[in-house]
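Visitor: I am new to this structure and would like a short tour. Could you show it to me, please?
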Amino acid sequence: MRHTRIVVTRYGGPEVLRVLEEACPEPGLGQVRVKVHAAGVSLPDVLARQGIHPETPVPPFTPGWDLVGEVDRLGPGVSGFERGQVVAAMPISGAYAEFVCLPQGELVPVPPGLDAAEAVSLVLNYITAYQMLHRSAKVQPGQRALVHGAAGGVGTALLQLGRLAGLELYGTCSERGAPAVSGLGATPIDYRRQDAVAEVLRLSGGGVDAVFDPIGGSHLWASRGALRPGGKVVGYGLATSLRGEGLTSSRPGRRQRFRGTAAFGLYILGGWLLPGRRRVVPYSIQTLKRLKPDWFREDLAALLNLLAQGRIRPLIAHRLPLAEARRAQELLEQGGVVGKIVLVCGPSPGVVK
Ligand SMILES: NC(=O)c1ccc[n+]([C@@H]2O[C@H](COP(=O)([O-])OP(=O)(O)OC[C@H]3O[C@@H](n4cnc5c(N)ncnc54)[C@H](OP(=O)(O)O)[C@@H]3O)[C@@H](O)[C@H]2O)c1
């Protein structure tokens with residue numbers, strides 16, 4: 001049997017993505033072959049393609065952090081799964097494919113009847129949002145929070161989950177994202193036209209309890225200015241600092257990565273040492289998953305339940321066929337995308353039984 005897989009042939013722009021037809025992979029010892037129904041498209045995929053994300057594999061590689069699909073074949077020694085069972089996983093790379101072989105421990109069961117594109121949005125974006133809210137910032141009902149990049153994949157997840165947690169929310173976005181941000185119950189702030197920190201201080205009357213910042217670099221330190229005493233900036237992206245120079249090259253951006261991480265370290269230290277009890281803390285889904293794999297499974301199960309109960313509704317910006325991975329990444333890079341872009345496989349992707 002043959003299948004389709006997307007390959008990053010070398011670090012670079014969207015043109016380095018190729019559609020490859022090849023023999024289906026066979027599951028090894030302890031592995032399960034998953035027939036992919038939906039694979040998420042995210043900025044970390046784009047940053048990996050450019051060679052600047054900390055989790056970047058060496059080319060050629062298949063991108064794709066997260067997937068939802070069905071169990072297709074069990075490798076030797078696998079138990080507890082059956083053919084046709086719906087599962088989710090976060091392999092970090094490899095999800096842009098029709099079939100993927102993964103260690104059985106990586107798979108989390110998905111309740112039946114969920115939309116595959118909505119379910120896959122939970123794996124990277126909603127777990128990131130959920131863990132930052134409840135494990136990093138430890139928010140309480142009635143508190144206030146500022147969400148940067150509020151119309152994006154993680155941003156919209158933060159708004160939905162923040163509202164469920166009883167927060168009053170402010171969200172930075174460009175003009176195009178404002179209706180989505182207010183539709184999710186937050187006050188939109190146009191970061192291109194307004195000084196977001198000054199605006200939040202004015203609206204909140206003294207600052208917020210938490211800021212969620214995917215921008216990184218000096219933006220992190222500026223975000224600290226929006227906090228009330230005792231508040232926290234949760235930094236979870238280094239896009240700006242990583243892009244400081246030479247975005248694409250033949251080598252992974254180790255130098256940019258080092259600079260971004262070093263600056264982050266200084267901000268964390270500054271938050272502890274300077275008066276005012278305004279902290280900067282880092283969040284990384286992959287680091288926390290490695291340190292606390294049980295939390296990942298627990299939090300994903302909780303989110304899948306919230307989706308099954310209709311209490312959260314991921315925004316899907318586009319559903320594109322797998323072979324259009326290049327267009328999907330181009331759309332994401334152009335900006336202005338509201339919600340998640342998802343690659344769907346098979347003739348009738350959507351609801352998985
Ligand atoms: N640490 C972790 O574990 C983790 C996990 C997941 C994602 N991430 C990171 O989170 C970030 C967001 O990922 P995503 O998939 O949600 O991306 P996305 O869907 O593209 O969303 C990014 C959003 O940021 C907005 N934006 C860009 N510059 C901004 C600025 N200066 N101020 C405010 N908003 C701005 C964009 O809005 P416009 O296009 O309208 O400008 C866009 O809506 C990425 O850096 C990614 O690497 C980290």
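Guide: Let us begin with Ser223, whose place is in helix α6 (residues 218-224); helices here are DSSP runs of H or I with at least four residues, strands are runs of E with at least two, and both are numbered from the N terminus. This is a predicted model, in which local features need pLDDT of at least 70 and side-chain atom pairs count only at pLDDT 80 or more, while totals for chains, interfaces and linings use all residues. Residues are numbered from 1 along each chain as its sequence is written, and side-chain values use heavy atoms, leaving out hydrogens and water.

Visitor: Is Ser223 buried or exposed?
Guide: Ser223 counts as buried, because its relative accessibility is 1% (buried means under 20% relative accessible area, exposed over 50%, partly exposed in between, with a 1.4 Å probe and protein chains only).

Visitor: And which residues does Ser223 touch?
Guide: Not counting residues up to four places away in sequence, Ser223 touches His148, Val197, Val211, Asp213 and Val233, where contact means heavy atoms within 4.5 Å.

Visitor: Changing topic, what is the order of the strands in the open sheet?
Guide: Six strands form this open sheet, in the order β10-β9-β8-β11-β12-β13, with parallel pairing; two strands pair if DSSP finds at least two bridges between them.

Visitor: How many bridges join β9 to β10?
Guide: Four bridges join β10 to strand β9 (residues 168-173), and Thr172 stands opposite Ile189 in β10.

Visitor: What packs on the sheet?
Guide: Helix α5 (residues 196-204) does, touching β8 (144-147), β9, β10 and β11 (208-213). The direction of α5 makes about 150° with that of β10; axes are lines fitted to C-alpha atoms, for helices over the stretch in contact, and angles run from 0 to 180 degrees between N-to-C directions.

Visitor: Which strands pair in the antiparallel sense with β4?
Guide: Strand β3 (residues 31-41) is joined to β4 (residues 67-74) by seven bridges, and strand β5 (residues 86-89) pairs with β4 over four bridges.
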